[in-house]
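Here are my notes for anyone opening this model for the first time. Have the sequence and the 3D view side by side, and go through the points in order.

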Amino acid sequence: MTTGNLQVAIYGFTSPIRTYEPAGICYETRIIRDKITLGHCTLPIYKNSPVPQPITQEQRKKSSEEPAELRKELFDADNEKYEKYLMKLDPNDCKNQDHYKVLGLSKLRWQATSEEIRFCYRAKVLKHHPDKKKHRGIVMETEEYFTCITKAYEQIGMSDAKRQAFDSVDHKFNDTIPNEKSINPDNFYNELAPIFQLNSRWSSLKPVPELGKADASRQDVENFYDFWFNFQSWREFSYLDEEDKERGEDRYERREMEKQNKAERERRRKEEAKRIRKLVDMAYAKDPRIIKFKKEQQAKKDKVKEDRQRAIREKQEAIEREKREKEEAEAKKKEEADRKAKEEREREKKERDIAKKAMSQQRKRLKKLAEEAGHWTENPRDKLTEMERIERICIGFTVDQLRELCEKVETLSLGLDIQKALTDAERLKKESAGAKVTLPEDKNKENEKQVEKETWTSEEIQLLVKASNTFPPGTVERWVQIADYINEHRKDSKGLPPKTEKQVIKQCKAVQTMNVKLPATTQNQLGTALPDEDVWSATEQKTLEDAIKKYPASDAERWEKISTDVGTKSKKACIRRFKYLVQMVKNKK
């Protein structure tokens with residue numbers, strides 16, 4: 001070790017360095033000890049300082065003043081009766097004693113001031129202190145009675161918090177609330193005013209508004225109930241703690257005692273809040289002023305509502321009147337427009353009828369010329385092509401074009417010249433419409449391909465007629481069944497394409513319109529006749545309808561039973577007739 005200034009680093013020659021922690025029990029203890037040694041006040045760290053605090057000028061002035069006027073006439077008499085009561089007290093049961101009565105303040109109780117409590121305590125000490133009695137020559141058997149006086153003063157005279165704790169559980173205070181049935185408008189003020197006045201002592205806010213009388217203003221009544229509905233009470237129940245935490249052996253036990261005490265205080269506090277709220281709710285429900293205010297408010301609301309409804313009704317009537325006037329004006333305008341539109345439609349209809357009549361005349365004229373000339377050919381295939389061209393011309397040409405074409409056809413006699421004239425007319429029509437012109441050679445090639453594709457042999461036509469009669473109108477998927485029938489029954493069907501539904505419909509219309517001699521075994525009109533089994537009389541139809549209603553669809557032998565009821569028709573005929581009727585109903589829809 002090194003030495004400096006002749007100091008030897010040997011234990012005992014150098015003073016140990018004292019270190020203080022910035023906070024904690026050790027730090028505060030050292031500060032308190034140092035202040036007590038120096039004679040200084042230990043506040044705010046230690047409140048029970050043995051060193052007297054310096055008295056301020058205000059405190060000195062207050063102590064020098066005479067005490068306020070005391071209400072000695074309300075003090076209890078200090079006589080033999082009081083001494084007997086004092087001697088009966090148990091100093092070990094001070095918690096259950098009436099401290100105000102011990103000090104002679106049983107009449108004033110919570111209304112007693114601090115000066116009155118202090119005055120009574122001093123008077124009791126001067127008279128009942130054991131030393132004072134010995135000085136007066138009075139021999140006492142026991143001196144423990146004086147402990148009750150000391151405890152009473154410590155509870156209600158030395159600390160406001162302790163006094164509030166005792167006042168909160170004062171056994172002289174009446175916590176009862178009158179029955180709601182006993183309150184009526186006649187005794188409302190006399191019964192409840194004293195109760196509210198009595199409970200106002202617990203209020204933390206001062207002053208407490210009074211209940212008032214029947215002539216109180218609405219503002220005062222609302223302020224009163226607003227105060228009591230939000231009542232803030234200082235009443236607490238720590239005086240009734242069953243467990244004294246100071247008696248706990250360790251901090252854990254003390255903490256558990258404090259926890260139990262807090263729970264019990266909270267329970268009592270909630271009960272007190274419910275009691276006050278019950279009193280306020282009962283008063284609010286029974287208060288005749290509140291009832292009157294509610295009626296006035298309801299009457300005002302009804303008046304406002306009635307005025308609003310009347311305004312809405314007047315506004316609605318004005319809107320409806322304006323709407324009605326507008327509708328009448330629109331109706332007149334619409335009627336006038338409808339009249340003009342009707343006249344215009346009638347005029348246009350007449351023009352259309354005239355044009356349609358003229359168009360029909362020219363079409364019939366052209367068709368008649370073609371039919372009289374046998375469509376200018378003997379070949380059935382070419383005849384069908386010419387028929388299609390005539391139909392196409394009749395559909396696509398105007399009245400003037402048809403008239404001009406008919407006049408031109410009437411002037412010609414040779415079939416080739418007429419066909420050439422028809423071809424030229426079609427070409428001119430397409431040129432005028434801006435369409436692409438197809439050369440006659442290309443057109444002939446396309447027609448030949450189309451004819452080859454849609455060529456029908458005599459056998460196929462016979463099958464078409466037979467299938468049309470077998471599957472009459474109203475049959476479900478009639479044209480599909482006809483096409484399948486032709487494809488299935490025709491001969492040499494391997495090299496020919498199958499007939500489609502559209503081809504069957506088109507050929508059926510063509511056969512009905514053109515003059516083609518069919519074999520004697522077939523009919524000239526397709527689909528107009530039914531087999532004998534499909535011809536139904538009115539009686540058979542009625543029997544069929546009744547049988548259909550009689551036997552449900554869930555019956556496995558339904559159609560056999562229906563056929564048996566009809567009698568003259570087979571099962572297949574009945575099913576076919578039913579499908580026919582269903583299809584007719586669907587077509588009508």
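1. Contact means heavy atoms within 4.5 Å. Helices (H or I, at least four residues) and strands (E, at least two) are DSSP runs, numbered from the N terminus. A residue is buried under 20% relative accessible area, exposed over 50%, and partly exposed in between, with a 1.4 Å probe and protein chains only.

2. Where the model comes from. It is predicted, so local features need pLDDT of at least 70 and side-chain atom pairs count only at pLDDT 80 or more, while totals for chains, interfaces and linings use all residues. Residues are numbered from 1 along each chain as its sequence is written, and side-chain values use heavy atoms, with hydrogens and water left out.

3. The overall picture. The chain has 22 helices and zero strands. Buried residues account for 28% of its 589 residues. Its accessible surface (Shrake-Rupley method, 1.4 Å probe; for residues, only the protein chains shown count as cover) is about 42,300 Å², and carbon and sulfur atoms own 51% of that. Take the contacts between residues at least 6 apart in sequence: 62% of them join residues at least 24 apart.

4. The largest nonpolar core. By nonpolar core I mean a set of buried Ala, Val, Leu, Ile, Met, Phe, Trp, Tyr and Cys residues joined through side-chain atoms within 4.5 Å. The largest has 28 residues, and those touching the most other members are Leu 86, Val 102, Leu 103, Leu 105, Ile 117 and Ile 149. Two or more residues each come from α3 (80–88), α4 (99–102), α5 (114–128), α7 (145–156) and α8 (160–168). The top contributor is α7, with seven residues. Look at Leu 86: leaving aside neighbours within four places in sequence, Leu 86 is in contact with Val 102, His 128, Tyr 145 and Ile 149. Apart from this core lies another, of 22 residues, including Tyr 189, Trp 202, Leu 211 and Val 280.

5. Helix α5. With 15 residues, α5 reaches 21 Å from its first C-alpha to its last, close to the 21 Å expected at 1.5 Å a residue; the expected span is 1.5 Å times one less than the number of residues. Its buried residues are Glu 116, Ile 117, Cys 120, Tyr 121, Lys 124, Val 125 and His 128. They pack against α3, α4, α6 (130–135), α7 and α8.

6. Helix α10. Which residues of α10 are buried? They are Val 221, Phe 224, Tyr 225, Phe 227 and Trp 228. Those residues cover an arc of only 155° around the axis, so they sit on the same side of α10; the arc is that of the directions from the helix axis to the C-beta atoms. Their cover includes α9 (188–199), α11 (251–286) and α12 (288–372).

7. Helix α14. In α14, the buried residues are Val 399, Leu 402, Leu 405, Cys 406 and Val 409. They cover an arc of only 130° around the axis, which puts them on the same side of α14.

8. Most residues other than glycine have a negative phi, and most peptide bonds are trans. The bond from Lys 206 to Pro 207, though, is cis, with omega near -5°, and Pro 207 is in the loop between α9 and α10. Arg 109 has a positive phi, near 55°, without being a glycine. Find Arg 109 in the loop between α4 and α5, where it counts as buried at 7% relative accessibility.

9. Not counting residues up to four places away in sequence, Gln 507 touches Leu 384, Trp 456, Ile 461 and Leu 464.

10. Cysteines. A disulfide is a pair of cysteine sulfur atoms within 2.5 Å, and by this rule the count is zero. Cys 120 is buried at 5% relative accessible area, and Cys 406 is buried at 0%.
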